[in-house]
Amino acid sequence: MSNTTRLKEAADCEKKAEECLKTSLLKLKLKPDLDGAASAMERAAVCYRNAQEPRKAATSLQKAADHYELNRNLFHAAKAREGAAMLLRDIKDLSEAVVLFEKAIDGYAESGSLDTAAMTVEKAADVLKNDDPKKALAIFQRGLALVQQSDRAKMASQFLKQITKLNLQQGEYKDAKGSIREEIEKFVEVCEYPRVGQLGIGLVLVDLALEDSVAALKDYSWVVRNIP
């Protein structure tokens with residue numbers, strides 16, 4: 001199939017979406033078919049993507065997300081925004097991609113799909129960790145707040161690990177100390193004491209990097225008290 005044919009099909013899908021949104025008293029269509037319009041725009045996005053038009057595909061997905069959201073279909077709205085974000089990521093439009101990733105994370109969380117929201121946090125942060133580590137940190141912290149609300153200790157520890165790593169890479173040792181201590185507390189809760197010991201060594205090393213031997217001794221004692 002040629003790109004010209006794909007683009008024509010995309011345009012036909014857009015017209016179908018417009019028809020879905022129209023109402024008519026004569027036809028007794030009193031409400032717009034929002035899900036139908038969203039599905040048509042998703043199909044248009046596939047056509048644009050296959051025609052090597054990723055930006056147009058992303059725009060179509062954003063319109064689909066808007067239709068889903070108006071119909072309170074929050075999960076599918078988030079999924080469409082995540083798809084748009086990934087297309088923009090591939091063409092290196094990172095700033096817009098991140099905005100859509102963040103909206104998708106919020107949408108998944110609001111729909112009750114916290115595991116999917118957490119996976120999207122990792123995708124979004126992975127996009128940014130080399131080019132904008134501070135923004136990646138903010139996204140991991142956003143994810144951490146979400147999973148802590150749902151008492152997902154294992155998932156929270158994964159985000160804390162990434163937060164610590166990014167802080168250490170940037171030389172933010174005090175912030176790294178905070179996330180290490182928080183991660184230790186998570187592993188104490190689930191009685192994973194070997195991991196507590198490993199993190200305790202890391203905490204002491206960070207203290208020594210800050211040339212604070214008093215804090216190193218205090219933190220060492222604190223870790224030992226938490227291990228039976």
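Helices (H or I, at least four residues) and strands (E, at least two) are DSSP runs, numbered from the N terminus. The model shown is predicted: local features need pLDDT of at least 70, side-chain atom pairs count only at pLDDT 80 or more, and totals for chains, interfaces and linings use all residues. Residues are numbered from 1 along each chain as its sequence is written, and side-chain values use heavy atoms, with hydrogens and water left out.

**View 1. Gln52 and Arg72 sit in loops.**
Gln52 lies in the loop between α2 (34-50) and α3. Its phi is near 65°, a positive value in a residue other than glycine. Gln52 is exposed, at 61% relative accessible area. Here buried means under 20% relative accessible area, exposed over 50%, and partly exposed in between (1.4 Å probe, protein chains only). Arg72 belongs to the loop between α3 and α4. Phi of Arg72 is near 65°, again positive in a residue other than glycine. Arg72 counts as exposed, with 58% relative accessibility.

**View 2. His67 is buried in helix α3.**
Helix α3 spans residues 54-70 and holds His67. The relative accessible area of His67 is 13%, so His67 is buried. Leaving aside neighbours within four places in sequence, His67 is in contact (heavy atoms within 4.5 Å) with Leu21, Leu34, Ala37, Ala38 and Met41.

**View 3. Cysteines without a disulfide.**
A disulfide is a covalent bond between the sulfur atoms of two cysteines. The criterion used is a pair of cysteine sulfur atoms within 2.5 Å. The structure holds zero disulfides. Cys20 is in none; its nearest cysteine sulfur, that of Cys13, is 10 Å away. Cys20 is buried, at 11% relative accessibility. Cys47 is in no disulfide either; the nearest cysteine sulfur, that of Cys13, is 4.7 Å away. Cys47 is buried, with a relative accessible area of 2%.

**View 4. Helices α4 and α5 cross at roughly 160°.**
Two packed helices are described by the angle between their axes and the distance between the axes. Axes are lines fitted to C-alpha atoms, for helices over the stretch in contact, and angles run from 0 to 180 degrees between N-to-C directions. The axes of α4 (residues 74-90) and α5 (residues 94-110) come within 8 Å. The two helices are therefore roughly antiparallel. Angles under 35 degrees count as roughly parallel, over 145 as roughly antiparallel, 65 to 115 as roughly perpendicular and the rest as oblique. Residues in the contact include Phe75 and Met86 of α4, and Leu100 and Phe101 of α5. By class, the contact has 13 nonpolar, one polar and seven charged residues. Ala, Val, Leu, Ile, Met, Phe, Trp, Tyr, Cys and Pro count as nonpolar, Asp, Glu, Lys and Arg as charged, and the others, Gly among them, as polar.

**View 5. Helices α9 and α10 cross at roughly 165°.**
Helix α9 covers residues 173-189, and helix α10 covers residues 193-209. Their axes come within 9 Å. That makes α9 roughly antiparallel to α10. Among the contact residues are Ile180, Ile184 and Phe187 of α9, with Val196, Leu199 and Leu203 of α10. The contact has ten nonpolar, two polar and five charged residues.

**View 6. Ile227 follows helix α11.**
Ile227 is in the segment after α11 (213-225). Ile227 is partly exposed, at 30% relative accessible area. Not counting residues up to four places away in sequence, Ile227 touches Tyr193, Val196 and Gly197. The C-alpha atoms of Ile227 and Ile180 are separated by 16 Å, and the two residues are 47 apart along the chain.
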